[in-house]
Structure formats: structure tokens, C-alpha cells
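Reader: Hey, I'm new to this one. Can you put it up and walk me through it?

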Amino acid sequence: MEGILITFEGGEGAGKTTQAELFKNYLTEKGLSFFATREPGGTDFSEAVRALTKDIRYSNKSVISELMLFEAARADIVEKCVKPALAEGKVVIMDRFYDSTTVYQSFGRGLDRGMVEQLNMVAAQGLVPDLTVYLKISREEAFSRKGGADKNDAIEQSGDDFHERIRQGFDILAKENKDRFLVVDSTQSIADVFAQITSAFEEKYKNKQKGK
């Protein structure tokens with residue numbers, strides 16, 4: 001069976017990393033083989049790009065430069081790790097994928113959405129997630145959890161209006177892609193959020209096995 005691609009999306013502090021870790025444990029208990037990574041990151045090159053995009057010293061970089069950095073990191077992890085893992089029939093878990101780029105660089109930074117989405121597809125080699133978990137939370141609640149925005153993170157320091165546009169952007173993508181988006185209220189307990197994720201995954205996985 002071809003593998004299945006699960007992505008975790010949402011604004012800063014939504015709980016993506018926490019839920020992705022729980023999901024890995026769940027797959028281990030189920031005896032399912034998986035590959036887990038994050039974006040940007042997952043390869044030496046992509047991790048170096050991650051450091052560049054977050055470094056506050058380069059917060060004045062052009063928005064096009066930022067976009068190209070994300071796409072370069074994506075192209076590397078997809079070619080070297082994600083596609084091979086899917087070809088081996090593994091469950092691939094990604095903490096962010098190209099929906100984040102659409103939201104952050106188009107809705108957030110103001111770049112043309114069509115251009116961003118076209119570059120996303122080039123870097124992702126046409127991959128489309130089987131299930132995208134969108135953990136929805138307000139900017140205020142998210143940063144309250146984190147104890148405020150990270151002063152050394154250029155993206156977190158982008159301002160309230162930027163982060164509100166991010167939330168709105170994810171809402172729009174979720175409405176446009178109801179077949180693959182699972183929208184979860186991230187203010188619920190970790191256990192309640194996780195239960196909804198595993199339920200949605202089990203349905204997708206079952207359908208994948210049947211070739212649907």
C-alpha cells in the first residue's frame with residue numbers, strides 16, 4: 001500500500017508539536033511504520049534554512065527571499081525523505097507543510113497566492129496531504145500558553161495584525177479543502193484534541209487501504 005501523508009497546521013503555539021509527538025506514540029503502539037519531520041527542517045540543509053528564517057538578525061529580508069527559503073527547504077526534505085517514505089508505505093507525519101507557506105507568505109506577507117501555491121507544488125513535487133490537522137486557536141490564547149512571543153524569533157515578532165491574518169488564512173484554506181482538513185478547537189484538552197485526530201486518521205487509513 002502507498003503511504004499516507006498527515007500534516008499538522010496552525011498558528012504559533014497551537015499545539016502542533018505536542019500532538020505530532022502523541023501521534024507518533026500512537027502509531028508505534030499500533031505497530032505502524034512511520035517517518036516524522038518538520039518544516040522547515042528534517043535534513044541538514046533544511047535545518048540550516050530553518051535557522052535563517054527564524055533568526056531575528058535577518059528579519060528585514062525581502063518577503064520573496066523568505067518564500068524561496070521555505071520552498072528550498074521543502075524541496076530538499078520531500079525529495080530526500082518524504083517521497084521515499086511514502087513509496088515504502090509509511091505514515092508520514094509533518095509538523096507544517098505547504099499550507100503554512102500559503103498562509104504565512106500570501107495571507108500574512110501579502111504575496112500573490114497563485115504564485116505561492118504554484119511554487120508549493122513544484123517544491124512538493126505534486127504531493128497533497130491525505131489529512132491536514134488544523135489546530136485552531138486565537139493569537140491571544142496561543143501566546144498566553146507560550147508566555148509571550150519569542151524575542152529571538154523573527155516570525156513570532158511579526159505583530160498582532162500579521163498573526164490575525166494567519167488565523168484568517170487557515171480558516172479560508174480549511175473551508176476550501178474540507179475533504180482533507182480536520183479543524184480542531186485547540187483550546188480543548190490535549191486528550192480531547194488527540195481523540196479527534198486519531199479518529200480522523202483511522203477513517204483515512206481505512207479508506208486508503210481500500211484504495212479510496
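Author: Helices here (H or I, at least four residues) and strands (E, at least two) are DSSP runs numbered from the N terminus. This is a predicted model, where local features need pLDDT of at least 70, side-chain atom pairs count only at pLDDT 80 or more, and totals for chains, interfaces and linings use all residues. Residues are numbered from 1 along each chain as its sequence is written, and side-chain values use heavy atoms, with hydrogens and water left out.

Reader: OK, and the peptide bond from Glu39 to Pro40, cis or trans?

Author: That bond is cis, with omega near -15°. Most peptide bonds are trans, and most residues other than glycine have a negative phi.

Reader: Is Arg96 buried or exposed?

Author: Arg96 counts as buried because its relative accessibility is 11%. Buried means under 20% relative accessible area, exposed over 50%, and partly exposed in between, using a 1.4 Å probe and protein chains only.

Reader: And what's phi at Gln125?

Author: Near 55°, a positive value in a residue other than glycine. Gln125 is in the loop between α5 and β4, and at 37% relative accessibility Gln125 counts as partly exposed.

Reader: Switching to helices. At what angle do α3 and α5 pack?

Author: Helix α3 (residues 63-87) and helix α5 (residues 113-123) pack at about 25°, with axes 8 Å apart. So α3 is roughly parallel to α5. Axes are lines fitted to C-alpha atoms, for helices over the stretch in contact, and angles run from 0 to 180 degrees between N-to-C directions. Under 35 degrees counts as roughly parallel, over 145 as roughly antiparallel, 65 to 115 as roughly perpendicular, and the rest as oblique.

Reader: Which residues in α3 and α5 meet?

Author: From α3, Ile64, Leu67, Met68, Glu71, Arg74, Ala75 and Val78 meet Met115, Val116, Leu119, Asn120 and Ala123 of α5. By class, the residues of that contact are 9 nonpolar, 1 polar and 2 charged. Here Ala, Val, Leu, Ile, Met, Phe, Trp, Tyr, Cys and Pro count as nonpolar, Asp, Glu, Lys and Arg as charged, and the others, Gly among them, as polar.

Reader: What about α2 and α3, how do their axes cross?

Author: At roughly 160°, with the axes of α2 (residues 44-54) and α3 coming within 9 Å. That makes α2 roughly antiparallel to α3. Among the residues making the contact are Phe45 and Leu52 of α2 and Phe70 and Ile77 of α3.

Reader: How many residues are in the largest nonpolar core?

Author: There are 22, and Ile6, Phe8, Phe23, Val91, Val133, Ile197 and Phe201 have the most contacts inside. Such a core is a set of buried Ala, Val, Leu, Ile, Met, Phe, Trp, Tyr and Cys residues joined through side-chain atoms within 4.5 Å. The largest share of this core, 6 residues, comes from α8.

Reader: What does Val133 touch?

Author: Leaving aside neighbours within four places in sequence, Val133 is in contact (heavy atoms within 4.5 Å) with Thr7, Phe8, Glu9, Leu182, Val184 and Ile197. There's also a second, separate core of 13 residues, including Val82, Phe97, Ala124 and Leu127.
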